[in-house]
Amino acid sequence: MNQHVTPRLNRRSFVIGTAALGGGLALGLDIPFGGPQVVRAADGSPEVNAWVVIRPDDTVVIRIARSEMGQGSLTGLAQLVAEELACDWSKVTTEYPTPGQNVARKRVWGDFSTGGSRGIRSSQDYVRKGGAAARMMLIQAAADEWKVPVAECTAANSVITHKASGKTTTYGKVAEAAAKLSPPADVKLKDPKDWTLIGKGVKRLDTADKVTGAMIYGADIKLPNMLNAAIKDCPVTGGKLKSFDEAKIAGMKGVKKVIAVDGTAVAVVADTWWHAKTALDALPIVWDEGPNAKVSSESIGKWLAEGLDSGPAFVGNENGDAKAALASAVKKIEAVYNYPYQNHATMEPMNATALYTPDRCEVWCGTQNGEAAFAAVLEASGLPADKCEVHKLILGGGFGRRGQTDYVRQAVQVAKAMPGTPIKLLWSREEDMTHGRYHPITQCKLTGGFDADNNLTALHMRISGQSILFSLRPDALVNGKDPATFQGLAPSGEATIGYSVPNLLIEHSMRNPHINPGFWRGVNVNQNAIYLECFMDELANAVGQDPLEFRRKLMAKNPKHLAVLNAVAEKIGWGTPAPEGVYRGLAQLHGYGSYVAGAAEISVIDGTKIKVHRIVASTDPGYVVNPAQVERQIAGSFVYGLSALFYGGCTVKDGRIVETNFDSYNSMRIAEMPKVESIMIPSGGFWGGVGEPTIGVAAPAVLNAFFAATGKRIRSVPLRDQNITFA
Amino acid sequence: MANLTINGKSYTLDVEPDTPLLWAIRENAGLTGTKYGCGIAQCGACTVHLDGTAVRSCGVTVSEAVGKQITTIEGLGSDNGLHKVQQAWLENDVPQCGYCQSGMIMAVAALLKDNPKPSDQDINDAITNICRCGTFAQVREAIHAAANA
């Protein structure tokens with residue numbers, strides 16, 4: 001009953017589509033640092049270079065290519081530029097360049113995609129260089145004006161000083177001249193020890209409008225003569241739109257048009273969205289639910305379970321001979337875990353506003369990937385790049401969902417049916433819950449073997465289940481294998497296993513049900529950390545050892561993993577008595593380039609109600625740009641991770657997702673929020689992400705504490721389905 | 001047609017009486033600070049004040065709001081500036097994505113009107129808005145800061 005889906009080709013068509021425009025993606029990054037031809041911002045102020053515009057009043061406009069969805073990288077990226085620019089932070093403002101401008105300027109701003117906790121770490125080098133180059137040009141312009149050697153001039157706080165003569169000027173006064181200079185060939189970055197703004201917990205730059213209601217999200221856009229659209233896609237993925245009875249809603253107030261989209265969906269366009277939705281709900285629609293209409297969570301679970309023991313599997317990490325070592329082990333421990341589908345449930349449902357004419361197509365939307373959204377506009381409109389544009393707006397949550405462009409394509413298709421009229425397409429919460437790009441579903445069988453001295457000699461992990469890359473980025477598969485499946489378990493790279501086991505085998509039996517998978521905050525560390533870290537506790541318990549000591553013995557070759565684990569153990573008071581009725585659990589992982597660990601203190605009432613009192617979390621991301629925002633990302637990741645553990649989980653019945661709103665897909669509230677204490681131990685020399693890694697340690701730390709409290713091992717998520725809830 | 005009083009201003013809106021107040025505010029009055037999150041009064045993103053009481057405007061009809069003072073996030077402050085809850089939000093750098101924060105602020109402003117110095121337990125009982133970014137620690141700090149302002 002489970003359909004093996006065909007990979008989609010979105011990514012491939014994106015590469016081809018953009019390559020055809022002038023080779024942007026294929027040619028890589030072309031970083032221009034100004035030049036004789038002055039480029040001007042919309043208000044006429046000169047660009048010193050692509051990253052920095054300075055207005056005559058000394059306002060510094062820093063261009064931010066990555067998207068802001070709450071994670072704070074808009075502010076962090078501005079800090080990186082401003083650190084090297086040596087400008088007055090109080091005069092900094094930001095703006096998004098558009099994807100269309102990026103294409104037209106040979107990807108001067110590089111990659112727009114904002115996911116994988118990469119916003120800062122994968123652009124930190126070139127944005128700092130952008131700031132440094134602009135500073136050098138501004139100083140040069142002042143030195144030229146004063147006819148003094150540039151080496152005698154310095155800059156700080158947007159003021160340039162020539163000490164010998166006592167002359168000073170400001171960035172705003174020399175920006176015009178600086179913009180005419182050739183960019184410096186050799187740009188040297190500050191030594192991290194000399195940073196004054198990077199590492200400071202300055203306030204976010206985007207808060208003021210968020211407390212007054214003035215911030216415009218995609219759902220808030222208003223354009224002249226705009227109409228509104230509501231949409232329903234076939235509730236069973238893989239199904240089609242068979243028919244709809246338009247006559248039944250003819251004459252309903254405000255309704256302008258009913259449009260079939262893609263052969264799978266139907267949209268109603270009306271004067272207001274409420275009218276559109278009301279009419280859509282009244283519209284009789286017949287679906288051809290297709291071949292997946294009988295798939296259920298049970299059938300998927302059964303199919304995945306078969307993969308735990310049989311069929312081919314990709315090997316993700318191997319040393320020694322785990323199977324032989326297990327066969328000869330004195331003691332063997334085995335357990336099966338599982339992790340369900342999860343919806344991103346961004347607070348702002350998916351939406352995009354499109355204006356199409358035969359000559360031009362423009363879209364306004366929140367997106368985590370402006371360039372992918374742009375490619376989707378080209379594809380759906382059929383227009384060339386110089387006739388398309390995407391205007392990015394602040395996102396009402398992303399978490400990976402808005403890296404996809406399905407809602408953008410739909411909006412353009414609806415707008416194409418009504419040329420000249422801007423149309424805002426907004427998904428209802430129910431549509432958003434039914435057509436997610438879900439956290440993939442997997443199961444995992446773990447087997448550990450000990451010798452006569454209770455040393456762990458072998459570990460075998462066999463994951464069975466869904467691959468994200470197979471569906472979303474088939475070009476990134478390696479001979480059919482999805483390397484991302486082994487996130488946190490890999491032998492090398494940015495997400496490695498922290499334990500040395502003499503005989504190790506980690507493999508993946510890929511099974512892809514029809515439910516669309518996606519990148520969901522934390523991605524594969526969410527389940528892999530539960531599998532590995534809870535099983536580590538099981539192994540420790542099997543040989544009567546302390547979970548921390550048991551881990552430490554296996555971590556000698558991984559000092560960075562060990563350092564963050566030791567940090568949480570010390571702060572939570574591991575090895576010292578906990579308060580009466582309070583129990584502790586630990587977990588650690590390496591993901592997104594950062595080393596993280598978590599320790600939880602919980603109490604359990606009647607075996608079914610969990611009070612999470614306290615979580616201590618440590619992170620070594622190499623460098624911390626804004627500690628206040630990192631702290632918020634850590635605390636926020638626990639809200640997302642614990643919501644998933646307690647309340648998440650999307651059930652499949654009759655081929656469709658059962659949970660359609662927050663009444664059945666609940667999310668943590670303030671009453672359930674534990675105290676989070678974060679420890680940042682940036683050890684330097686590398687750049688790791690901070691938005692996602694800590695999410696992975698929340699659930700296993702709590703589950704391990706639950707075992708300590710009750711002696712009961714939970715191997716299945718969500719707790720909702722086991723009648724366990726927050727106290 | 002319905003006559004609504006929003007933020008002290010009278011609006012005559014071309015809207016059916018059974019329309020959820022949320023959509024009359026957003027689409028007919030054009031005040032988009034009040035957000036749509038779920039449409040079933042679960043998440044609180046659409047929280048406004050009706051005669052000073054916090055309500056989830058997706059679950060109130062226009063006819064139920066006629067004759068009452070409706071306050072939205074746009075009308076929470078005064079001519080002198082931000083409401084003390086907004087000010088505390090700004091000073092504590094509370095919002096992440098910010099989408100839920102209009103509703104969160106409106107719920108907190110109503111709480112503080114009735115209970116000027118809420119305990120943590122009072123906050124737990126009264127503030128049930130969903131925030132997927134997970135700003136709860138800062139929300140709690142800012143509530144106490146506003147209460148002490």
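Me: Why is Cys58(B) called buried?
Reply: Buried means a relative accessible area under 20%, with exposed set at over 50% and partly exposed in between, using a 1.4 Å probe and protein chains only; Cys58(B) has 10% and is therefore buried. The model is a predicted one, in which local features need pLDDT of at least 70 and side-chain atom pairs count only at pLDDT 80 or more, while totals for chains, interfaces and linings use all residues. Residues are numbered from 1 along each chain as its sequence is written, chains are lettered from A and ligands numbered from 1 in the order in which they are written, and side-chain values use heavy atoms, with hydrogens and water left out.

Me: Where is Cys58(B) found, and what does Cys58(B) touch?
Reply: Cys58(B) is in the loop between β4 (53–56) and α2 (62–65) of chain B, where helices (H or I, at least four residues) and strands (E, at least two) are DSSP runs numbered from the N terminus. Leaving aside residues up to four places away in sequence, Cys58(B) touches Pro20(B), Leu22(B), Gly39(B), Ile40(B), Ala41(B) and Cys46(B), contact being heavy atoms within 4.5 Å.

Me: How do you know that the buried residues of α3(B) line one face of the helix?
Reply: In α3 (residues 84–91) of chain B, the buried residues are Val85(B), Gln86(B), Ala88(B) and Trp89(B). Seen down the axis of α3(B), they fall within an arc of 160°, so they line one face; the arc is that of the directions from the helix axis to the C-beta atoms. Their cover includes α7 (208–212) of chain A, together with α4 (101–114) and α6 (136–147) of chain B.

Me: What makes β13 and β14 of chain A edge strands?
Reply: Two strands pair if DSSP finds at least two bridges between them. The open sheet of five strands runs in the order β13-β21-β20-β19-β14 (chain A), with mixed pairing, and β13 (314–319) and β14 (331–339) each pair on one side only. Within chain A, β20 (residues 456–465) and β21 (residues 503–510) pair in the parallel sense over eight bridges, which meets the requirement of at least two.
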